[in-house]
Amino acid sequence: MRILLAEDDPLLGDGLRAGLRQQGFQVDWVRDGEAAERELRAAPYAAAVLDLGLPRLDGLQALARARAAGCTVPVLVLTARDAVPDRIRGLDGGADDYVVKPVDLFELGARLRALVRRAHGQPQERLAWQDLTLDPTARRVTQAGAEVALSAREFDLLALLLRQAGRVLSREQLEAQLYAWGQEVDSNAIEVHVHHLRRKLGAGLIETVRGVGYRVPRP
């Protein structure tokens, strides 16, 4: 899933981006509050990690402006401000979670996955469709009890479609949520991934809605 990281410390930001990428996240990294506000309002992120002490615009101000503009992206505040009043201001100011630095990267990944689950109304981590189960934490897919080997991009596409089962997603929407900045996207990349998923998991899993996009039908 594609997330936004807003952190001005180069060393910390680089470490966070690398650690989250190892857990399967596609990470776009900005370094000031104005860029964070702009991206929150404009891009279809699954979630965001937001530092508060950002240059040009404080993180809470950036979040407040984005929320006022209708942004519904789940936001995890990651900050050194650990006083209870700071936590209250952050949560009341539009944050969905508030974590004090330093944080274990695997805990951060788990919190982000939990935010995305809640945003989609999912009570548990694993995603299921008929005899297929997808485990986002282990990045493992099984069908009828047997493990199915998927590429990283195939896994991410399947997870995205399962999270929004019943909803038709266009190729442009899928690309926007699967690829971070600077990643080259072939014109037929989504079609190729869909073809591979159908070959590995069955033709009935992903439906093509002509002229619109793709969907996994509700079970």
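Biologist: In the hairpin of β8 and β9, which residue takes a positive phi?

Modeller: Alanine 144, with a phi near 55 degrees; the hairpin has 2 residues between the strands. This is a predicted model, where local features need pLDDT of at least 70, side-chain atom pairs count only at pLDDT 80 or more, and totals for chains, interfaces and linings use all residues. Residues are numbered from 1 along each chain as its sequence is written, and side-chain values use heavy atoms, with hydrogens and water left out.

Biologist: What makes β8 and β9 a pair?

Modeller: Strands are DSSP runs of E with at least two residues, numbered from the N terminus, helices being runs of H or I with at least four. Two strands pair if DSSP finds at least two bridges between them. β8 and β9 (residues 146–148) are joined by 3 bridges and run antiparallel, so they meet the definition of a pair. Glutamine 143 has alanine 146 as its bridge partner.

Biologist: How many bridges pair β7 with β8?

Modeller: 4, in the antiparallel sense, between residues 132–135 and residues 140–143. Aspartate 135 stands opposite arginine 140, and threonine 133 opposite threonine 142.

Biologist: Why are β6 and β9 called edges?

Modeller: The open sheet has the order β6-β7-β8-β9. β6 (127–129) and β9 each have a single partner strand, so one side of each lacks a neighbour in the sheet.

Biologist: Which strands does helix α8 lie across?

Modeller: Helix α8 (residues 189–201) lies across β7, β8 and β9.

Conventions. Contact means heavy atoms within 4.5 Å. Axes are lines fitted to C-alpha atoms, for helices over the stretch in contact, and angles run from 0 to 180 degrees between N-to-C directions.
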